[in-house]
Amino acid sequence: MGDQGLVKKGPGAATAETQVPVIEVESHGHNLEPDYKRLPIGPDHILYPVVVGLALFPILMGDAGHHLADDMPDDETHPFFPDHFWPYPIIAVLMLVVVGLLAFFVQKNLQLEVSADPRTVTIPRPDWYFLFLFQLLKLGPELIMFGVVPPLIVTVLLVFPFIDAIAGPRLAKRLRWKSWPVPGRNIYTGAAFVIGLAVVALLELWALAGPLFCVPWPLTGMVCGA
Amino acid sequence: MAIPHPRDIQLAVVEWLDERYPFTKAVDEALYQRVPNFANAFYYCFGGMVFILIVLQLLTGILLALYYVPDASGTPAPAYTSVNFIQSTVFLGWLIRGTHFWGANLLIIMVILHMARVYWTGSYRAPRELNWIVGVTMFLLILAFSLTGYLLPWDTKAYFATEVTIKLAGSLPPVQLGTFIKEILQGGAVVGPPTLQRFFTIHVFLLPALIVLLMYIHFRFIRAHGISEPM
């Protein structure tokens, strides 16, 4: 270090200027963390085999493309490890605890009924995630409610990015909007999302209300819960 | 000959690997890849939670398959008695089966939440359209997992629920398609042992293979595109 690196403070005192070395390694336009901030986990560290698992990700998934973070200033980004990674092991353990507790305390749903016998007569009731569909079937001709409506919804869901990209800007132009916002900021696609969820929730609740809860329905007469 | 220090062995292994693949560089890149600060919001964790749950389902599923017998002949059927055996006799069998059952329920909730987040923040937009399609397909596969897994205990509830499902699938237009689907799923005139065999095969071999493949594609796309812009 030359004389320029020395800062005099007080008569006769000379201390070295604190310098944080920044490691110049090409990492998508960012310098890696200053040396003092980096984890001291090198290839000779006892914990290195633990972090090696993370390397499997780039090895298996190929090189990263150009990410949004590459164009952002350093203070608006953070390193993946450990800053972004640390919640996941905790979440994994928490979820394991939650399902373990459910398995321990809510045994009722796991109890088996008698062995299947085709000679008996049972009115089946599907699990909660198909209950809304089960209720939907009662609202019209089975062929339409099962063969047309659900496949149509699935198709719309699959091609939604293209619908949004093609029809969205045209509608925005007609509405004299500057752009076509994402559903979270868009009255049309946002409302469609909320209404869709509300319909599913209503059908679900209707089914859960039980077979004694009946509502008159114009197409099929009285429709009861499941 | 002196026993080498474990650190020296580790270094030698890393060096050996490094000569064959840029191993330390890959570790370094993975560790210090930058992530936007807005991605720290809790709702960006949903995708990771889905991944964790899928892994949990695969692991508990393998453990259950060690004892499960996919045979529906006789009353009570071996399939039914094997599930009963897992539930009441196998060491911690009740916990493994309970974890698999509740994990499946939680998985559906988390997939819906993850899809809702992706939709709400517009993360399906270009260039991520294909990843959205892969994601929706994975959601359908997870529902198929639930549907096929429901029959495996071979109790009354499972039997009649599956009978209705197959009947509905068989009513799909045109008639030939409906009949074909029904025959493929049922494997006979009524829901019986061949149906269980087919549902078991789909649940244990076909669907896991497909979901692992789609997860790989999903992650490759995420790796290529990174996190989308904030809302």
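Trainee: Which residue stands opposite A:Gly221 in β5(A)?

Mentor: Happy to, and please keep in mind throughout that this is a predicted model. The residue you want is A:Trp217, which stands opposite A:Gly221. A:Gly221 itself belongs to strand β5 of chain A, covering residues 221-224. The neighbouring strand is β4(A), residues 214-217, and the two run antiparallel, joined by 4 bridges. Between β4(A) and β5(A) the chain turns through a hairpin of 3 residues.

For a sense of distance, take A:Phe132: 89 residues separate it from A:Gly221 in sequence, and their C-alpha atoms lie 19 Å apart.

Another strand of chain A takes us across to the partner chain. Strand β3(A), residues 77-79, pairs with strand β1(B), residues 34-36, in the antiparallel sense over 3 bridges. Within that pairing, A:Thr77 has B:Pro36 as its bridge partner. The whole contact draws 70 residues from chain A and 79 from chain B. On the chain B side, helix α5 (residues 93-120) gives the most, with 12 residues. By residue class, that side of chain B comprises 50 nonpolar, 18 polar and 11 charged residues.

While we are in chain B, have a look at helix α9(B), residues 193-225. Its 33 residues should span 48 Å at 1.5 Å a residue, and this agrees with the 46 Å between its end C-alpha atoms. Even so, α9(B) has a kink of about 35 degrees centred on B:Ile202. Just past the helix, B:Gly226 adopts a positive phi of about 75 degrees.

A last word on confidence, back in chain A. The average pLDDT of chain A is 82, and 82% of the residues score at least 70. Residues 1-18 of chain A are another matter: pLDDT stays under 50 there, and the model has 10 contacts beyond four places in sequence for that stretch.

Terms used. Residues are numbered from 1 along each chain as its sequence is written. Chains are lettered from A and ligands numbered from 1 in the order in which they are written. This is a predicted model: local features need pLDDT of at least 70, side-chain atom pairs count only at pLDDT 80 or more; totals for chains, interfaces and linings use all residues. The expected span of a helix is 1.5 Å times one less than its number of residues. The bend at a residue is the angle between axes fitted to the seven residues ending there and the seven starting there. pLDDT is the predictor's confidence in each residue, from 0 to 100. Two residues are in contact if their C-beta atoms, placed from the backbone, lie within 7 Å. Ala, Val, Leu, Ile, Met, Phe, Trp, Tyr, Cys and Pro count as nonpolar, Asp, Glu, Lys and Arg as charged, and the others, Gly among them, as polar. Two strands pair if DSSP finds at least two bridges between them.
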